[in-house]
Amino acid sequence: MSAQAATLPATGAATVAAAQAAALAAPGVEDEGADCAIPALPDAGSLPTNAMLPDPFKKLDGTRISTTAEWRCRREEIKKLSEKFVYGEKPPKPSSVTGTVSATNITVNASNNGRSSSFSASVQLPSGTGPFPAVVVLGGFGADTAAIRAAGAAVINYDPYAVGREGTPRNNKQGAFYSIYGNTSSTGLLMAWAWGVSRIIDVIEQSSGTILRADATGVTGCSRFGKGAFVIGVFDQRIALTMPIESGSAGVPIFRGIPGEGAQSLSSAYGEQPWLGDAFGSFTGSPNRLPVDTHEMVAMVAPRGLFIMDNPHIANLGPRSASVAALGGAEVYKALGVGSNITYWSDIQNGSHCANRPEWTTPLQQNIQKFLLKTGNAAGSIRIASKAQGNLAQWRDWQTPTLGSSSDTTAPSTPGTPAASTVTATSATLTWTASTDQGGSGLAGYNLYREQGSTDPQLGQSTTTSTTLTGLTANTEYQVYVRARDGAGNLSGNSQPVTFTTTTGGGDTSPPTAPTGLAASATTSTATALSWTASTDDTGVSGYDVLRAPGASGGTFTQVATSTTTSYSDTGLTASTTYRYQVRARDAAGNASSVSNTAEVTTQPGTSTGTCTAVPTVQTQWSTGYVIQPLTITNTGSSAITGWTVTFTLPAGHTMTGSWNGTATVSGQTVTIRNATHNGSLAPGAATAGVGFQVSRPNGNTALPSGYTCA
């Protein structure tokens with residue numbers, strides 16, 4: 001296969017520019033431009049039509065940036081436009097984020113304005129001695145996890161649906177994010193998923209640092225989870241390596257190119273699931289009105305590592321438009337002097353969706369070594385398959401500037417030693433003596449870091465000589481120091497640290513014992529009764545958290561209820577479905593115990609009170625496979641149903657390779673798909689359209705499944 005291939009070297013004043021670009025993305029900062037003064041954003045009704053890609057170097061005031069230091073605030077402008085018109089707002093870190101990190105699991109507890117939610121993610125460590133870098137893998141579909149662990153990085157198995165559930169209407173979104181910010185939030189699922197990963201990183205930062213490294217996190221996912229991985233990396237600058245795979249519409253491909261390429265339409269992507277923010281609905285038929293496009297989201301990842309993997313064999317994924325996005329974003333990488341930090345690779349032989357590619361093995365290992373392990377320095381490359389090769393020149397009317405390094409390469413003076421006051425269980429106020437600017441670009445503000453062994457996470461920023469740190473852990477000693485930064489991105493030396501200890505929040509820091517003897521009984525098609533042996537605590541147990549995970553294995557335990565007794569009845573379950581349960585105790589000070597043993601139940605088959613139909617739609621197909629999406633299940637009866645089962649027959653030689661939003665089993669060529677937890681209940685006339693599956697087939701065999709029945 002012929003392909004466009006190029007290595008992207010640093011350009012311009014490479015040494016100085018690369019150093020300044022690296023300084024722009026200080027470790028431990030979710031959004032390092034949060035303190036930038038951003039002009040008023042345009043209203044949707046006043047946006048002009050522009051068929052060309054917006055100029056990523058052009059500021060909202062109409063001028064263009066001329067130095068690498070200006071990219072920090074230009075990036076913030078793009079971020080705000082993307083939130084307003086594309087994804088919805090990503091709220092900052094909640095007022096309280098707590099959790100635990102172990103060799104097998106990460107728990108997250110978040111609360112803000114009186115609302116709270118919890119979720120967890122499993123961990124798989126590589127061989128060797130930690131602390132390890134880690135790659136967050138969305139939904140079990142991403143880069144080869146065996147290769148990730150073989151390279152020396154841990155795998156964090158993240159269930160996005162625990163944070164933002166698919167199969168819900170836009171006015172009733174569900175999941176941990178929406179439990180805090182409301183089910184009518186205009187923020188789409190992709191940004192909710194990004195918020196969840198940011199909270200996982202918060203917990204890693206607050207941990208001992210002996211298991212996972214807080215400064216070396218990557219993210220990957222394929223298909224819908226590729227969309228999520230892309231957005232996660234774009235909107236958290238603590239992600240050192242972003243690796244989306246075959247993300248399709250609402251992912252990497254430029255919005256402006258999708259209509260002309262024959263990819264999944266913007267209206268289809270917007271309507272299939274609430275992935276994108278609600279505001280994007282007015283642009284599905286007119287993407288030329290958008291003041292941003294995805295080449296600028298690619299640019300927002302700079303100067304961090306970005307490895308985009310794509311499939312040129314499935315036009316429905318928009319690979320041509322994705323290559324244009326990568327080429328456009330790479331111009332910003334090059335202008336910042338870090339052109340070697342981006343890779344786009346669609347030059348592959350295998351056409352199956354979300355398959356592991358041998359062509360990607362080496363660059364995957366090289367990117368992990370470079371950006372997570374910090375042991376390599378391989379240059380990124382652009383390898384675009386000739387059959388899906390985009391042409392950036394057709395999409396831009398702007399040129400890439402040579403960004404100066406500014407004449408200021410002198411760091412500000414070191415700030416004075418901070419003093420701590422008003423220390424509580426979760427916050428502390430710090431003040432310090434001001435720095436002075438030494439190089440002429442002006443003092444821009446201060447970064448605050450926690451001294452913590454080999455990795456010092458950044459706790460916050462301030463434009464003044466004082467700030468209040470929030471979200472701290474009770475009864476914990478902190479050593480915090482301050483560094484000043486100037487307008488050119490230069491950082492001062494470290495101030496002397498201040499040491500303080502947060503209060504205990506009532507004097508109780510001992511967690512209860514773990515509950516034991518968790519068992520389930522009286523299980524019906526929609527409910528089960530749980531009971532367990534009480535925990536003990538030195539000041540008394542105040543209640544129990546009930547956690548539930550889908551299936552007999554895999555999946556994520558999420559909190560579904562609390563109980564003040566040693567029993568709980570879980571209702572609203574789906575018939576013929578397996579669930580796992582755990583329980584943990586809490587005391588009045590909020591200390592949480594370890595989880596109990598796991599109890600597994602399978603609900604009884606439901607009694608159908610109605611009838612249903614299953615109608616397949618071929619979303620895309622190629623010579624050796626196809627995707628059915630959506631498989632629309634409709635309740636055609638007069639009464640509500642609480643579960644459905646679809647059965648169909650695959651043609652001879654065809655093999656299921658994946659499914660989503662349903663539990664699939666295969667016997668010979670007969671496939672049975674049962675509803676997932678969130679889409680089994682259908683009112684009369686209601687339908688669910690998020691179910692889909694992928695099949696591989698012999699080359700040239702154009703037969704499709706048949707005999708669909710629904711019960």
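Me: Two strands count as paired if DSSP finds at least two bridges between them. In this predicted model, what makes strand S3 (residues 105-112) and strand S4 (residues 115-124) a pair?

Reply: Strands S3 and S4 are joined in the antiparallel sense over eight bridges. The criterion is at least two bridges, so S3 and S4 qualify as a pair. One of the bridges links Val-108 to its partner Phe-119 in S4. The hairpin of S3 and S4 has two residues between the strands, and Asn-113 takes a positive phi near 50° there.

Me: How do you know that S4 also pairs with strand S6 (residues 154-158)?

Reply: S4 and S6 share three bridges in the antiparallel sense. With at least two required, S4 and S6 therefore pair. Val-123 has Ile-156 of S6 as its bridge partner.

Me: Why are strand S22 (558-563) and strand S25 (599-602) said to stand at the edges?

Reply: The open sheet has four strands in the order S22-S21-S24-S25, with antiparallel pairing. S22 and S25 each have a single partner strand, so one side of each is left without a neighbour in the sheet. From one strand to the next, the twist averages 30°. S22 is joined to strand S21 (residues 541-550) by five antiparallel bridges, and Leu-547 has Gln-559 in S22 as its bridge partner.

Me: What makes H5 largely enclosed by the rest of the structure?

Reply: Buried means under 20% relative accessible area. In H5, 17 of the 18 residues are buried, so the helix is largely enclosed by the rest of the structure.

Me: Which term describes how H5 (residues 189-206) lies to helix H6 (residues 224-235), and why?

Reply: The axes of H5 and H6 come within 8 Å and cross at roughly 60°. That angle makes H5 oblique to H6: roughly parallel would require an angle under 35 degrees, and roughly perpendicular one of 65 to 115. The crossing of H5 past H6 is right-handed. Leu-190, Trp-193 and Val-197 are among the H5 residues that meet H6, where the residues met include Phe-225, Val-231 and Phe-235.

Me: What covers the buried residues of helix H11?

Reply: The cover includes strand S5 (132-138), helix H3 (145-150) and strand S7 (212-222). Among the buried residues of H11 are Trp-360, Asn-367, Lys-370 and Phe-371. H11 (residues 358-373) has 16 residues and reaches 22 Å between its first and last C-alpha, close to the 22 Å expected. Lys-374, with a positive phi near 60°, follows H11.

Me: How is Pro-39 classed by relative accessibility, and why?

Reply: Buried lies under 20% and exposed over 50%, with partly exposed in between. At 35%, Pro-39 therefore counts as partly exposed. Pro-39 lies in the loop between helix H1 (14-24) and helix H2 (71-87). Apart from neighbours within four places in sequence, Pro-39 is in contact with Leu-60 and Glu-77. Pro-39 and Glu-77 are 38 residues apart along the chain, and their C-alpha atoms are separated by 8.3 Å.

How values were computed: Residues are numbered from 1 along each chain as its sequence is written. This is a predicted model: local features need pLDDT of at least 70, side-chain atom pairs count only at pLDDT 80 or more; totals for chains, interfaces and linings use all residues. Side-chain values use heavy atoms; hydrogens and water are left out. Axes are lines fitted to C-alpha atoms, for helices over the stretch in contact, and angles run from 0 to 180 degrees between N-to-C directions. The expected span of a helix is 1.5 Å times one less than its number of residues. Buried means under 20% relative accessible area, exposed over 50%, partly exposed in between (1.4 Å probe, protein chains only). Contact means heavy atoms within 4.5 Å. Angles under 35 degrees count as roughly parallel, over 145 as roughly antiparallel, 65 to 115 as roughly perpendicular and the rest as oblique. A crossing is left-handed if the near helix is turned anticlockwise from the far one by less than a right angle, and right-handed if clockwise.
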